[in-house]
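Hi everyone, thanks for coming. I'd like to walk you through one model today, so let me put it on the screen.

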Amino acid sequence: MEVVSATRDRRYVLVPNSTETSRLLRDKRRLGVLTSTGDGKVTVEWENGERRSTAAPEPYDAAVGYALAAAYGTGAEPMWHEALDAVTELWP
């Protein structure tokens, strides 16, 4: 899921990280890992900004991350798993 903030001139992306978690990126820099169980509750493990690949999150970043995770959920099945399911559905 990708969102562009015109007021802040930033691009946010929520990318599946595992079957249960997703990474929140701001302009291609990782902000944290979010988990949503599907009941509207979201937990986050924020990056602290000490590594070069990370940027410390701001309150606006947190609001966007929580909203995306609560609305769309987190995590995804691996692509190979989805492909295997599709093949087994076609098998007689």
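How many bridges join strand β1 to strand β2, and do these strands run parallel or antiparallel? There are four bridges, and β1 (residues 2–5) and β2 (residues 10–16) run antiparallel. Strands here are DSSP runs of E with at least two residues, helices are runs of H or I with at least four residues, and both are numbered from the N terminus. Two strands pair if DSSP finds at least two bridges between them.

A word on ground rules before we go on. This is a predicted model, where local features need pLDDT of at least 70 and side-chain atom pairs count only at pLDDT 80 or more, while totals for chains, interfaces and linings use all residues. Residues are numbered from 1 along each chain as its sequence is written, and side-chain values use heavy atoms, with hydrogens and water left out.

Four residues sit between β1 and β2, and aspartate 9 in the turn has a positive phi of about 55 degrees. Valine 3 has tyrosine 12 as its bridge partner in β2.

Now zoom out to the sheet. It is an open sheet of five strands in the order β1-β2-β3-β4-β5, with antiparallel pairing. β1 and β5 (42–46) are the edge strands, each pairing on one side only. On average, neighbouring strands of this sheet are turned by 25 degrees against each other, direction ignored. Helix α1 packs on the sheet and touches β1, β2, β3, β4 and β5, with its direction at about 140 degrees to that of β5. For those numbers, contact means heavy atoms within 4.5 Å; axes are lines fitted to C-alpha atoms, for helices over the stretch in contact, and angles run from 0 to 180 degrees between N-to-C directions.

Let's stop at arginine 26, which lies in strand β3 (residues 21–26). β3 is joined to strand β4 (residues 29–36) by six bridges, again antiparallel, and arginine 26 has arginine 29 as its bridge partner in β4. Is arginine 26 buried or exposed? It counts as buried, at 11% relative accessibility. The cut-offs are under 20% relative accessible area for buried, over 50% for exposed, and partly exposed in between, using a 1.4 Å probe and protein chains only.

The side chain of arginine 26 makes a polar contact of 2.4 Å with that of aspartate 61. That term means a pair of N or O atoms within 3.5 Å; within protein, one must be able to donate a hydrogen and the other to accept it, and residues adjacent in sequence count only if both atoms are side-chain atoms. Beyond four places in sequence, arginine 26 also touches residues including Tyr12, Leu31 and Glu58.

That brings us to charge pairs. Side chains of opposite charge can pair when their charged atoms come close. Here a salt bridge is a side-chain nitrogen of Lys or Arg within 4 Å of a carboxyl oxygen of Asp or Glu, and the whole structure has six of them. Glutamate 58 takes part in one with arginine 8, at 3.9 Å, N to O, and in another with arginine 10, at 3.1 Å between the closest N and O atoms. Because glutamate 58 lies in the loop between β5 and α1 and arginine 10 in strand β2, the pair ties together parts that are 48 residues apart in sequence. Arginine 10 counts as buried at 16%, whereas arginine 8 is partly exposed at 40%.

Glutamate 47 and arginine 30 meet in a salt bridge too, at 3.1 Å, N to O. This pair links the loop between β5 and α1 to strand β4, 17 residues apart. As for shared partners, salt bridges join Arg8, Arg10, Arg26, Glu58 and Asp61 into one network.

Last stop: the rings. There are two aromatic pairs. Rings of Phe, Tyr and Trp (its six-membered ring) pair if their centres lie within 6.5 Å; planes under 30 degrees apart count as stacked, over 60 as edge-to-face and the rest as tilted. Tyrosine 12 and tyrosine 60 form a tilted pair, 6.3 Å centre to centre with 45 degrees between the planes. Tyrosine 12 is buried at 0%, while tyrosine 60 is partly exposed at 27%. Tryptophan 46 and tyrosine 66 have ring centres 6.3 Å apart and planes at 75 degrees, so that pair is edge-to-face. Tryptophan 46 is in strand β5 and tyrosine 66 in helix α1, 20 residues apart.
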